[in-house]
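Biologist: I'd like to go through this model with you and ask how you back up the words you use for it. Shall we take a look?

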Amino acid sequence: MDYKLQIVGTKPQLEMGSLDGKSTHEFEEESLFRAEIDSQKLQPMHTAESGSCSGGLPAGMSMISRNLMYRSIRTVVFSSKLNLLIPFGPLAILAEKLTGHRGWVFFLSLLGIIPLAERLGYATEQLAFYTGPTVGGLLNATFGNATELIISIYALRSGLIRVVQLSLLGSILSNMLLVLGCAFFCGGLVFYKKEQQFNKATAVVSSGLLLMAVMGLLFPAVLHYTHTEVHFGKSELALSRFSSCIMLVAYAAYLFFQLKSQNNLYSPINEEGSQNEEGPDEDEAPEISKWESVIWLFIMTASISVISEYLVRAIEGASVAWNISVVFISVILLPIVGNAAEHASAIMFATKNKLDISLGVAIGSSTQISMFGIPFCVVVGWIMGQPMDLNFQLFETATLFITVLVVAFMLQEGTSNYFKGLMLILCYLIVAASFFVHVDPSPDADNEPRT
């Protein structure tokens with residue numbers, strides 16, 4: 001039986017509306033299975049002679065499963081030219097085993113992790129088709145930050161506390177300035193005759209959470225540098241752990257507020273400037289099914305975990321080999337690679353005039369790192385026995401504070417254009433240049449109490 005005719009026969013039903021909440025893609029898959037079952041009924045003797053595959057499934061259904069698997073691999077693995085960089089991940093492992101040259105291991109790991117992070121964002125984007133725009137933005141932010149969190153946990157286990165702090169800080173700066181700036185800039189170029197609009201309520205709440213995160217990072221740093229601790233070296237760590245627990249509670253309350261209590265405030269803004277609670281456009285459809293998206297999320301996350309271990313171990317060696325400070329590598333290079341998924345997603349949604357989703361990816365990711373990622377690493381360090389705290393040093397904390405203020409002013413009108421995006425990109429270049437000439441202070445010089 002011709003599968004294409006069977007699929008065409010189902011299209012009038014799909015155009016009349018969604019049946020039982022199923023997507024077009026799921027109906028196409030079901031039509032393939034029905035076609036195969038019908039062919040088996042017409043040819044019972046042929047089926048009996050063919051036998052069955054393992055698990056008692058008919059051979060025809062096994063062929064359909066293989067076809068679906070091949071189609072999924074072709075869609076995810078071979079649909080992006082960026083996936084040409086995937087072999088660099090295994091090459092990094094070989095370079096570690098054969099040569100031990102930290103510079104090459106770091107460089108190859110950095111290249112190998114880029115396509116994995118981008119495909120992680122792709123799988124999240126496909127899953128967002130089944131969850132709606134609000135949960136979709138949250139999923140993009142969550143799995144978009146998976147790379148940074150995995151790298152941070154490996155670094156924390158190795159005792160590289162400053163690498164954890166700087167990479168998380170760099171992720172916040174990269175998302176707020178570079179990712180959001182590129183989204184505003186590209187979206188503004190596509191819609192250059194008008195200003196794009198987004199939900200101001202989302203921006204206001206996110207800005208408030210970012211300022212709360214700055215407050216949580218500011219007080220331990222001020223306590224340390226003013227030498228006003230009750231117990232020197234202990235009060236700072238205790239305050240950091242207490243503040244981290246409070247920030248985790250605040251983020252959990254924010255999720256409940258966003259998804260359950262006041263979810264109507266987070267509906268996207270349509271072209272006329274009114275709230276629109278509909279999901280993705282009707283002319284767009286997911287390329288893979290919901291469960292395929294979930295499976296690929298786990299595969300990409302596991303792959304990133306393997307490469308991240310080699311990446312973290314090679315950071316200090318790469319700093320010596322390239323004559324670049326660990327600060328610049330941690331704040332600028334690592335977040336750019338880790339934010340590849342957010343970068344691609346935010347720009348794509350902005351060019352489709354879905355700026356609310358772009359804002360949810362960029363600002364939502366920064367909010368999640370500051371209110372969940374950093375406190376989570378403090379708690380994990382507490383469990384591991386590592387003295388991870390919220391003292392990010394004065395230079396880094398001041399940079400974050402100024403960045404949050406700049407972005408908050410950019411978002412207060414609820415509109416965007418390419419000029420705002422250009423300003424955010426230029427601000428990020430200033431931040432990158434500042435960290436290139438910045439030297440991390442010696443711990444011995446800071447830990448000596450004043451007399």
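Modeller: Let's start with a term: a salt bridge is a side-chain nitrogen of Lys or Arg within 4 Å of a carboxyl oxygen of Asp or Glu. Keep in mind that this is a predicted model. By that rule, the structure holds 7 salt bridges.

Biologist: What makes Arg71 and Glu292 a salt bridge?

Modeller: Their closest N and O atoms are 3.1 Å apart, and the cut-off is within 4 Å, so the pair counts. Arg71 sits in helix α4 and Glu292 in helix α12, so the pair ties together parts that are 221 residues apart in sequence. Both Arg71 and Glu292 are buried, too.

Biologist: Why is Glu96 called buried, and why is Arg102 called partly exposed?

Modeller: Buried means under 20% relative accessible area. Glu96 has 17%, so buried is the word for Glu96. Partly exposed runs between that cut-off and 50%, and Arg102, with 31%, is therefore partly exposed. The side chains of Glu96 and Arg102 meet in a salt bridge, 3.2 Å from N to O.

Biologist: What makes Arg162 and Glu396 a salt bridge?

Modeller: Their N to O distance is 3.2 Å, and the rule asks for within 4 Å, so they qualify. This pair links distant parts of the chain, with Arg162 in helix α9 and Glu396 in helix α17, 234 residues apart. Glu396 has 1% relative accessibility, so Glu396 counts as buried.

Biologist: Helix α9 holds Val164 as well. How do you know whether Val164 is buried or exposed?

Modeller: Val164 has 0% relative accessibility, so Val164 counts as buried. Val164 and Cys377 are 213 residues apart in sequence, yet 8.1 Å apart in space, C-alpha to C-alpha.

Terms used: Residues are numbered from 1 along each chain as its sequence is written. This is a predicted model: local features need pLDDT of at least 70, side-chain atom pairs count only at pLDDT 80 or more; totals for chains, interfaces and linings use all residues. Side-chain values use heavy atoms; hydrogens and water are left out. Helices (H or I, at least four residues) and strands (E, at least two) are DSSP runs, numbered from the N terminus. Buried means under 20% relative accessible area, exposed over 50%, partly exposed in between (1.4 Å probe, protein chains only).
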